[in-house]
Amino acid sequence: MLERTIGQGNGTAVLFGVAAAALEDVTSGRSELRAIHHPLGFFCLPVLRDGDEGVCVHVFEPGASDAVELTTSPVHCHSWELTSFVLYGEVGNLRSRVSQDAVRPTHRVFQVDSSPSGVDEIRPTSRLVRCEPGHEETSARGQVYRLPAGAFHSTVVPKGSAAATLVLGRSLPRHTDLSLGPVNGTGHRVVRHTCDAAQTARTARSALRRIHGHHPE
């Protein structure tokens with residue numbers, strides 16, 4: 001239903017309503033889901049997981065990225081294709097040009113294997129690359145942006161600003177989650193922090209206030 005609504009291009013009220021309903025379930029206690037403080041600095045509320053498909057609400061709060069330590073770089077690519085609807089604020093999607101370069105590399109490619117327990121195994125590969133910034137697309141409230149699986153990018157939210165997105169993801173075969181890290185970086189493990197009920201409710205409540213404050217009647 002969400003995919004059809006986004007494809008039609010005229011169902012913003014439905015998308016706002018779906019996100020608000022999911023957040024209200026959290027604040028009321030009807031839902032027991034817990035927010036995850038993602039290593040890239042935002043809060044992820046996993047609303048639905050159904051096989052290779054999923055729906056999340058991503059909440060970017062001022063200062064949230066300061067509480068996590070990034071062990072590679074913000075540049076990464078997903079094993080899944082992404083469709084993102086901006087609920088409030090502005091979200092920049094900065095594409096990166098990544099090319100093989102074993103002579104003067106800027107980064108090494110790392111494979112990220114995530115377990116259901118919230119542990120990310122970060123493994124260096126033999127790929128040495130040069131990364132250069134590409135086109136940046138900024139989307140505001142009510143707009144949609146899409147990203148194919150395997151596309152290197154980073155998400156940019158202006159410092160001190162708040163934003164949130166309703167994210168639809170579909171995992172694709174033969175794709176791997178990757179991140180760019182230091183040329184001489186080594187393998188390591190990152191544990192994603194799961195928020196308690198109180199922190200999850202505060203995050204959902206803050207997002208709801210901003211959705212209702214920005215969404216026109």
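Biologist: Where is His 76 found?
Modeller: His 76 lies in strand β4, residues 76-77 (strands, E, of at least two residues, and helices, H or I, of at least four, are DSSP runs numbered from the N terminus). This is a predicted model, where local features need pLDDT of at least 70 and side-chain atom pairs pLDDT 80 or more, while totals for chains, interfaces and linings use all residues. Residues are numbered from 1 along each chain as its sequence is written, and side-chain values use heavy atoms, leaving out hydrogens and water.

Biologist: Is His 76 buried or exposed?
Modeller: Buried means under 20% relative accessible area, exposed over 50%, partly exposed in between (1.4 Å probe, protein chains only). His 76 has 9%, so it is buried.

Biologist: What does the side chain of His 76 reach at 2.8 Å?
Modeller: A polar contact pairs N or O atoms within 3.5 Å; within protein, one must be able to donate a hydrogen and the other to accept it, and residues adjacent in sequence count only if both atoms are side-chain atoms. Here, the His 76 side chain reaches the backbone oxygen of Pro 74 at 2.8 Å. A polar contact of 3.5 Å also joins the side chains of His 76 and His 78.

Biologist: And Asp 120, buried or exposed?
Modeller: Asp 120 is buried, because its relative accessible area is 3%. This residue belongs to strand β8, residues 119-140, and its side chain makes a polar contact of 2.7 Å with that of Arg 192.

Biologist: Which residues is Asp 120 in contact with?
Modeller: Contact means heavy atoms within 4.5 Å. Leaving aside neighbours within four places in sequence, the contacts of Asp 120 include Pro 39, Val 112, His 188 and Arg 192.
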